[in-house]
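Here is a structure to walk through together. Take a look at the sequence and the fold, and then we'll go through some of the details.

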Amino acid sequence: MTWEHFISYSHLMESGIAIGIFLLFILFRKLFTKYVFRIVMRIVRKTKINALSNIFLAFQKPMEWFFTLLGFYFAISYYPYIHGSVLNKFISAAFIVLVTWGLVSLSSSSSNLFRKINEKTDINIDEILIPLLSRTLQFIIVAIAATIILQQFGYSIEGLIAGLGLGGLAISLAAKDALANFLGGIVIISEKPFTIGDWILTPSVEGTVEDISFRSTKIRTFADALVSVPNNQLANESITNWSKMNKRRITFNLSLDYETSREKMESIIQRIENLLKNHPDIHQETIFVRFDEYKESSLDILLYFFTKTTVWGEYLKVKEEINYQILDIVREEGAEFAYPTRKLYIENDSSDDSEHLLQVRQES
């Protein structure tokens, strides 16, 4: 194209129309985003079909870019000076990318789909498998899209696979940690020591399981930090699953001072035992309230029982309520709680050679 033709009226007219076509589709994109999509979503939500809502939400962004890509395609098609199969291949690949984008977004919300399948069928997909199924579906979609795009540009898939086979040894050596984590994830899934939402304790971390991926398990600690633990490490550690408790233990020693009489001890023990046996939140299978041992400065009563709830907050509330009532019982019986006490006897010789024993009580 010569300079004179570039600035000619006909070329400027053709360029302006091509740009106008592109801007028109940009306008369509804004109208779609602001009006059409909102109206469609209102209609879909009234149908109460969640699958349709998920589909439209997943393809919202790809559809916006679809108008841009469509405008670019028509603008280029109208402009008579740009032709070529390579450009068409790039546009086709871009359309494939947009469809893949929407499908990947849709598969990320497939967790809800799997959960609904659990609710309405007898398949019973384990909660721990749902994130992995979702990610596997995403991987398959991306792999298929990449294959189609490579074929668009004339690449042989067979040759690519053969090339990967030649470099397989190097890849396996470089990815041995990733493979170990993947196998660790399989062990976690197969043995099911925990699932998403469980409260677990390991030598390295304690918290609630939020997510399980191919590489790692994400655990939310009680300090609200998110810790990613490699599956290989987690699979080789001892795991305590507190969420599997059917009841939660409370045990402690109640220390009374040595001034407490036998009658008071028996009455206090009996009243505390009655309190626990008649409490609606205390598990009745195992309750022990016994005069346990003589300590250096106290008489100790052992309390050993369980709450019905295993929820941390509810457990603390029950424990607090029991503690208040035990405090009332001890006060009503006229007993005193023990604290570290030491008695010293000092021999003092007076002028008339009589002996006096002075008792000194030290409290600490």
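Does Arg42 count as buried or exposed, and at what relative accessibility? Arg42 counts as exposed because its relative accessibility is 56%, where exposed means over 50% relative accessible area, buried under 20% and partly exposed in between (1.4 Å probe, protein chains only). Before going on, a word on the model: it is predicted, so local features need pLDDT of at least 70 and side-chain atom pairs count only at pLDDT 80 or more, while totals for chains, interfaces and linings use all residues. Residues are numbered from 1 along each chain as its sequence is written, and side-chain values use heavy atoms, with hydrogens and water left out.

Back to Arg42, which you'll find in helix H2 (residues 9-47). Helices (H or I, at least four residues) and strands (E, at least two) are DSSP runs, numbered from the N terminus. Together with Lys34, Arg38 and Lys46, Arg42 forms a positive surface patch. A patch here takes residues with over 30% relative accessible area and no salt bridge, and joins like charges within 9 Å; a salt bridge would be a side-chain nitrogen of Lys or Arg within 4 Å of a carboxyl oxygen of Asp or Glu.

There's a negative patch too, made of Asp281, Glu314, Glu320 and Glu321. Asp281 sits in the loop between helix H12 (262-277) and E7, and it is partly exposed, with a relative accessible area of 34%.

Two strands pair if DSSP finds at least two bridges between them.

Now for the open sheet: five strands in the order E4-E3-E2-E1-E5, with antiparallel pairing. Strand E4 (226-230) and strand E5 (240-241) are at the edges with a single partner strand each, so one side of each has no neighbour in the sheet. Further in, E1 (residues 199-201) and E2 (residues 206-212) pair over three bridges, and Ile200 stands opposite Gly207 in E2.

One last stop is Asp224, in the loop between strand E3 (216-221) and E4. Its phi is near 70 degrees, a positive value in a residue other than glycine. Asp224 counts as exposed, at 57% relative accessibility.

Note on methods
Patches are made of residues with over 30% relative accessible area and no salt bridge: like charges are joined within 9 Å, nonpolar side chains (Val, Leu, Ile, Met, Phe, Trp, Tyr) within 5 Å. Accessible areas come from the Shrake-Rupley method with a 1.4 Å probe; for residues, only the protein chains shown count as cover. Lys and Arg count as positive and Asp and Glu as negative; His and the chain ends are not counted. The place of a charge is taken as NZ of Lys, CZ of Arg, CG of Asp or CD of Glu.
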